[in-house]
Amino acid sequence: MIRELTINDNDEFQTLGKLLKDNFKDLYNLEEEINREYSVVLGYEEDNKIVAFLHIKIIQDEIDVENIVVAEAYRKRKIATKLLTYIINKYENKKIILEVNEKNTKAYNLYSKIGFKEINRRKGYYNGTDDAIIMVKI
Ligand SMILES: CC(C)(COP(=O)(O)OP(=O)(O)OC[C@H]1O[C@@H](n2cnc3c(N)ncnc32)[C@H](O)[C@@H]1OP(=O)(O)O)[C@@H](O)C(=O)NCCC(=O)NCCS
């Protein structure tokens, strides 16, 4: 089931966030994010727990994908696809934009499969070595 996260989901949000970055908790505070008018954090609930989340920012006609992550034991079961498809359908008139590390094949494949197209690259954006690929779904 897909639902918006609440402050009660903070522990699971932080556990999942740690899979993205070691210092995730210093960068993202769930209470602040859900109180921002332009920020939406969707969770995927299964087995009575949050096993994935998708964080987006809505700025006028554009949606920026901030983060998406699925717990390791729940991967390759189309949960990320369901979360992204949910926002594509809900905000069908908006352009969705994201950045992916060129080395992150799983995420690149996920976005390509859903119909995101590469529009640009930022050379050496990650650690001065890996390019960021900018992808868009219109
Ligand atoms: C990337 C990630 C979100 C994918 O989540 P998921 O729920 O496993 O993805 P899905 O099951 O919806 O997969 C959809 C498509 O993505 C691609 N994909 C997913 N996992 C993959 C893997 N291990 N290897 C290659 N392609 C993969 C495939 O094209 C897949 O379609 P298929 O199953 O028909 O082959 C997940 O692996 C993850 O949390 N990774 C760590 C965090 C991360 O990198 N987030 C993105 C950057 S913010």
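1. In this predicted model, helix α1 (residues 10-18) lies across β2, β3 and β4 (62-70), and its axis runs at about 80 degrees to β3. Two of these strands, β2 (residues 39-46) and β3 (residues 49-59), pair in the antiparallel sense over 8 bridges. Within that pairing, V40 stands opposite I56 in β3.

2. The strands form an open sheet of 7, in the order β1-β2-β3-β4-β5-β7-β6, with mixed pairing. Strands β1 (2-4) and β6 each have a single partner strand and stand at the edges, so one side of each has no neighbour in the sheet. From one strand to the next, the twist averages 30 degrees.

3. At the β6 end of the order, strand β6 (residues 117-126) pairs with strand β7 (residues 130-137) in the antiparallel sense, over 6 bridges. K117 stands opposite V136 in β7. The hairpin of β6 and β7 has 3 residues between the strands, and N127 takes a positive phi near 55 degrees there.

4. Helix α5 lies across β4, β5 (95-101), β6 and β7, running at about 20 degrees to β7.

5. Helix α5 (residues 105-114) also meets helix α4 (residues 79-90): their axes come within 11 Å and cross at roughly 45 degrees. Because of this angle, α4 is oblique to α5. The crossing in which α4 passes α5 is right-handed. On the α4 side the contact is made by A80, T81, L84 and I88, and on the α5 side by L110, Y111 and I114. By class, the contact of α4 with α5 comprises 6 nonpolar residues and 1 polar residue, with no charged residues.

Terms used: Residues are numbered from 1 along each chain as its sequence is written. This is a predicted model: local features need pLDDT of at least 70, side-chain atom pairs count only at pLDDT 80 or more; totals for chains, interfaces and linings use all residues. Side-chain values use heavy atoms; hydrogens and water are left out. Two strands pair if DSSP finds at least two bridges between them. Helices (H or I, at least four residues) and strands (E, at least two) are DSSP runs, numbered from the N terminus. Axes are lines fitted to C-alpha atoms, for helices over the stretch in contact, and angles run from 0 to 180 degrees between N-to-C directions. Angles under 35 degrees count as roughly parallel, over 145 as roughly antiparallel, 65 to 115 as roughly perpendicular and the rest as oblique. A crossing is left-handed if the near helix is turned anticlockwise from the far one by less than a right angle, and right-handed if clockwise. Contact means heavy atoms within 4.5 Å. Ala, Val, Leu, Ile, Met, Phe, Trp, Tyr, Cys and Pro count as nonpolar, Asp, Glu, Lys and Arg as charged, and the others, Gly among them, as polar.
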